[in-house]
Amino acid sequence: MNDIFMNTYHRLPVTFTRGEGCWLFDTSGKKYLDFSSGIAVNLLGHNYPPLVKAVAEQAAKFFHVCNYYQSDTSASFAEKLVEAAAPAGIKKVFLSNSGAEANEGACKLARKYSLLKYGEGRHTIVTLKGSFHGRTITTLAATGQERFHRDFGPFTEGFVHISGGDIETLDKALDGKTVAGLLIEAVQGESGIVPQSEEFIAAAAKICAQRDILLMFDEIQCGLGRTGTFFAFEQYRDGDGNPLKADIVTLAKGLAGGIPAGAVLAGEKTCDVFTIGDHGSTFGGNPAAAAAGLVVLQTINTNAFLSEIKRKGEVFISKIKKLSKVKEVRGKGLMIAMDIEGEAWSVLERAAARAECGLLLLMAGTNTLRLLPPYVINDEEIEQGLAILDELLG
Ligand SMILES: *Cc1c(COP(=O)(O)O)cnc(C)c1O
């Protein structure tokens, strides 16, 4: 059956037909415990009643209107999103469909800001090695991992990758004459859950502020409560020890709990840079996605919900530390990686193939397993999944 798809994914022979909470069921009725959330997408699990209801209600009105006009649902969603992001310095939003599209928009915004203020030649965007920013030609150029760059050049010009953690290199790379922005994942996802150090982020914030270089965070995987705060970067401080404010933030993945959605969020400096005709997206702000996004924001953005994410993350980490075959475990909230002795792919394959009850895992590198469970997971499910993992690691 998979022969009709282009050969882009290393797929397992599993076809799902329905889901419920943290569980998915395949064509034979076998159940699987989901520790992946479809890569940080299904934040509220599967078949979450308020989400289903909100989307169904919107579907009964209309799915889509073009951006010549506005939908009430999309406007409410945008308002809620900016409200949630306001403590981090955000003023306005552009809605898109995906992470790559959000990062493309962010790069356009940063370049136009710099062009208007400083003229030509100050368009470079600095990103980090090990980063992942998307699969379009421009976001691949932004991605600091060589393995994604084979075969697809030439890439968009004006991207430089530096090592995270190295403040001296950062200081050199952030040239006020040529650089428009610094784009960072506070916690890198695809390269194995790698949080940036407090010193590095503080230095980045300070240098960016001094040289009017835009501080941009890609929160597509680590944002939306994943690490226990609405944005992961909110756990960091700026150069003066104050709460960190961002100039641009991108979101996608879990933003609409499983329906495609992305967002470019802009702070004071950049919120009025785009003018009519500068940017657009047919499906951006789609009402069905917005209806779902409203439920996501209303559900996750409370102190009680966010502290539960932190607590569950701690339960995961303390239990994983006791697994004998795990060499190292890293994590913040429900964003967890473990380096194992064997091949991660083999564990992932056996976890899915396991009789009666499978386990859905993710990887991030040859020997690293990654867990991004739905936020609605309970302690019993954590216990159950890790018992399966323990059995598979042997
Ligand atoms: C997944 C991801 C993207 C790309 O998102 P798409 O929706 O697949 O385009 C960009 N940045 C980060 C950090 C991601 O995890």
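Okay, some ground rules. What you see is a predicted model, where local features need pLDDT of at least 70, side-chain atom pairs count only at pLDDT 80 or more, and totals for chains, interfaces and linings use all residues. Residues are numbered from 1 along each chain as its sequence is written, and side-chain values use heavy atoms, with hydrogens and water left out.

Let's start with the ligand. Which residues surround the ligand? They are Ser98, Gly99, Ala100, Asn103, Phe132, His133, Gly134, Glu185, Asp218, Ile220, Gln221 and Lys253, where being near means having a heavy atom within 4 Å of the molecule. Some of these make polar contacts, meaning pairs of N or O atoms within 3.5 Å; within protein, one must be able to donate a hydrogen and the other to accept it, and residues adjacent in sequence count only if both atoms are side-chain atoms. With Lys253 it's a polar side-chain atom, 2.6 Å from an oxygen of the ligand.

On a 1 Å grid over the protein atoms alone, a cavity is a set of points where a 1.4 Å probe fits but can't get out, while a pocket is an open set with protein on both sides within 12 Å along at least five of seven lines; lining residues have an atom within 4 Å of a point. Points are joined across faces, edges and corners, and volume is the space filled by probe spheres set on them.

How many cavities of 30 Å³ or more are there? Two. The largest holds about 60 Å³, and its lining includes Phe77, Leu95, Phe283 and Asn286. Strand S4 (90–96) and helix H8 (287–300) each give two or more residues to that lining. Helices here are DSSP runs of H or I with at least four residues, strands are E runs with at least two, and both are numbered from the N terminus.

The second largest cavity is about 30 Å³.

On to the backbone. Most residues other than glycine have a negative phi, and most peptide bonds are trans. In helix H1 (37–40), Ile39 has a positive phi of about 60°. Ala40, also in H1, has a positive phi near 65°. Is Ala40 buried or exposed? Ala40 is buried, because its relative accessibility is 3% and buried means under 20%, with exposed over 50% and partly exposed in between (1.4 Å probe, protein chains only). Ile39, at 30%, is partly exposed.

There's also a cis peptide bond between Gly153 and Pro154, with omega about -5°. Pro154 sits in the loop between helix H5 (137–142) and strand S6 (159–162).

Last stop: Thr368, in strand S17 (368–371), is buried at 10%. Beyond four places in sequence, its contacts (heavy atoms within 4.5 Å) include Gly192, Arg330 and Asp339.
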